[in-house]
Amino acid sequence: MILLKFENVTLSYGNTTVIENFSMELSAGDYLCVVGENGSGKSTFLKGLLGLKPPARGKISLVGLEQREIGYLPQKTDIQKNFPASVNEIVLSGCLNECGFLSFYSKRQKNMAIENMDLLGIRDLKNESFKEISGGQQQRVLLARALCAAKKILILDEPCAGLDPVISKKFYKIIKNININKNIAIVMVSHDIRPALSGANAVIHMQQKPIFFKTVEKYRESFSYKRFLGGV
Amino acid sequence: MFDFAREILQYPFIFKALVVGIFVSFCCAILGVSLVLKRYSMIGDGLSHVGFSALSIAVVMNWAPLLVSIPVVILAAVLLLRLSEKNKMQGDAAIALISASSLAFGIIFVSLANGINADVFGYMFGSILAINQSDVFLSICISSIVLVLFIMSYNKIFLVTFDENFANATGINVRLYNTLLSILTGIMIVVGMRIMGALLVSSLIVFPTLSSVKMCKYFKSVVINSAIISVLSFVTGLFISYIFSIPAGATIVIINLFAFILYSIFGFIKERV
Ligand SMILES: Nc1ncnc2c1ncn2[C@@H]1O[C@H](COP(=O)(O)OP(=O)(O)O)[C@@H](O)[C@H]1O
Ligand SMILES: [Mg+2]
C-alpha cells in the first residue's frame with residue numbers, strides 16, 4: 001500500500017532551489033534512508049514530506065496516510081534547548097495527535113508514554129527538566145515522543161547526532177524493531193551511512209537532483225555511494 | 001493588616017478594581033506563558049495600542065467601549081499573528097508599525113473631536129475609578145471563558161508552544177491554537193486596560209512568565225507560578241498605590257519588576273548550589 005507520493009516536486013527557499021523535479025513514492029513498511037552532505041537538502045526533503053514546506057512546483061500527496069498518523073523527530077537544531085518542560089510533559093505530548101479539542105491524556109496514553117520511555121531507557125528521567133539533561137538524553141526524549149505519535153510512519157532527522165556509538169547502535173536496533181514488529185514505515189536522515197544502511201530497504205542520495213534507489217544493493221553499486229564514501 | 005484590608009475594601013471602587021484585577025491578571029499571566037516562550041510577546045504590546053485607539057474612538061463617538069473595541073482587537077490579533085508567522089524578523093517590525101500608527105490615528109481622532117478627556121486619559125494610563133458594575137460583571141464572564149478554553153486546550157497549547165513543527169507534522173491544528181491564544185490575549189488586554197492603562201497592560205502578560213522561568217523547571221509549574229505572581233503583584237500593587245496615592249498601573253508594574261529581580265537572584269543562587 002502506498003503511503004505517500006512525490007510527483008515532480010521542487011522545493012526552494014526564495015530563489016534558491018534545494019531539490020529540483022524529484023519523484024518517488026513510499027509504501028507501508030518501507031525503511032527509507034536519506035543520505036547526503038551537509039546542506040544538500042535532507043531536512044528540506046523531510047519538511048516537504050511532512051507538509052511543513054509547501055512545494056514550489058509539483059505535488060506531494062499523502063495517499064494511505066493521515067497527517068495525524070505520523071511521528072516526527074526534528075533535527076536537534078530545531079528544538080528550543082532551554083524550554084521549561086519535564087521529560088514526561090514532552091513525551092506525553094506525542095500522544096496529542098489522537099486527541100480532539102479537549103486535550104486531556106487517557107490512562108492508555110500515559111501508559112504508552114511510560115512504555116516508550118522504558119524502551120529508550122529514560123524512565124528514570126521522567127520528572128527531570130528537559131533543559132537540565134544531557135544532549136543525548138534530550139535526543140532520546142524526543143524520540144520517545146515521536147514513537148508515541150507514530151501510527152503508520154516515523155520520520156527521523158539525524159536521530160543519532162551527538163549520541164555515542166554504543167547508544168547509536170541500540171537506537172538503530174530499536175528503530176528496525178519498530179519497523180518490523182509494528183509495521184511502521186521509517187524515513188531517516190543519517191550521517192553515519194554504514195549503520196544506517198544496514199536496516200534500510202531504500203535510499204535517497206541527496207544532491208541537486210536527488211537520486212532514489214529502490215534497494216540498498218542498487219545504491220551500494222552506484223557511483224554516488226562510492227564517491228560519497230570516498231569523500232567521508 | 002486585616003484591619004487595613006477591611007478598611008480599604010469598604011470603598012466600592014477599590015473592591016471593584018480588586019475583583020476585576022485579580023481575574024484579569026490571572027488570565028493575562030497564563031496566556032503570557034505561551035506568548036513569551038514563543039517569542040510572540042510583541043503581539044501583546046501591539047494589541048494594547050490598537051485597543052487603546054478603538055476604546056478612545058468609541059468614547060468620543062459615544063459607542064459602548066468594550067463592544068466596539070473587542071471585535072476590533074480580535075481582528076487585529078489575527079492580522080498581527082499572520083504577520084509574525086510570515087517572517088519572524090520583519091514580523092516584529094510590522095507589529096511595531098501597526099501599533100504605532102493605530103495609536104497615532106486614535107490620538108489624532110480624539111483630539112480633533114473634542115480634546116483628550118478624562119476617559120481617554122484613563123485608557124492611556126489606567127484608572128481604577130472608571131470601573132463600573134457592568135465592567136466587573138463583563139470581566140468576570142470573559143475571564144471565566146478564557147480560563148475554561150485555556151484548560152480545555154492546555155496540552156495542545158503546551159505542544160504548540162514547545163515545538164510548532166512537530167505539532168504541524170503530526171496533524172495538530174497549530175493555526176487554530178495560535179489564533180485562539182492571540183484572540184484571547186487581545187480580549188484580556190482590552191479588559192485590563194481600564195486598570196493598567198494601554199501603556200502598561202502588556203506587562204501583565206510578559207512579566208510573570210519572565211520571572212517564573214528563572215525558577216521553574218516544568219511547563220505546568222511556570223503556568224501556575226506565573227498566575228500566582230501576577231495576582232499577588234496586582235493585589236500588593238493596588239494596596240500600595242492606595243496607601244501612597246500613586247497610580248495603580250505603574251505601581252503594579254514596579255511590584256512585578258521586584259518579583260522578577262527576586263526570582264532572578266534566587267534562580268542564580270539555585271543554579272550555583
Ligand atoms: N529556512 C531556510 N531559509 C533559507 N534557506 C534555507 C533554510 N533552511 C535551509 N536552507 C538552505 O537549504 C539548503 C538545504 O538545507 P537542509 O535541508 O537543512 O540541508 P541538510 O539537512 O541536508 O543539511 C542549505 O543550503 C540551507 O542553507
Ligand atoms: Mg538537516
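Hi everyone. Let me start with a term: when I say contact, I mean heavy atoms within 4.5 Å. Helices (H or I, at least four residues) and strands (E, at least two) are DSSP runs, numbered from the N terminus.

This is a predicted model, where local features need pLDDT of at least 70, side-chain atom pairs count only at pLDDT 80 or more, and totals for chains, interfaces and linings use all residues. Residues are numbered from 1 along each chain as its sequence is written, chains are lettered from A and ligands numbered from 1 in the order in which they are written, and side-chain values use heavy atoms, leaving out hydrogens and water.

Let's begin inside chain B. There, Lys156(B), Ile157(B) and Val160(B) of helix H8 meet Val174(B), Tyr177(B), Asn178(B) and Leu181(B) of helix H10. By class, that contact of H8(B) with H10(B) has five nonpolar, one polar and one charged residues; Ala, Val, Leu, Ile, Met, Phe, Trp, Tyr, Cys and Pro count as nonpolar, Asp, Glu, Lys and Arg as charged, and the others, Gly among them, as polar.

Now, the interface. Here 38 residues of chain A are in contact with 31 residues of chain B. The area buried between the two chains is about 2800 Å², with carbon and sulfur atoms giving 63%; buried area is the accessible area (1.4 Å probe) that two parts lose on being put together, summed over both. In chain A, Phe83(A), Pro84(A) and Phe101(A) lose the most area to chain B, together 24% of what that side buries.

What about charges? Between chain A and chain B the count is two salt bridges, each a side-chain nitrogen of Lys or Arg within 4 Å of a carboxyl oxygen of Asp or Glu. Lys217(B) forms a salt bridge with Glu132(A), and their closest N and O atoms are 3.9 Å apart. On the side of chain A that touches chain B, H4(A) gives the largest share, four residues.

Over all chains, the search finds nine salt bridges. Within chain A, Glu98(A) pairs with Lys151(A) in a salt bridge, the closest N and O atoms being 3.4 Å apart. That pair links distant parts of the chain, 53 residues apart.
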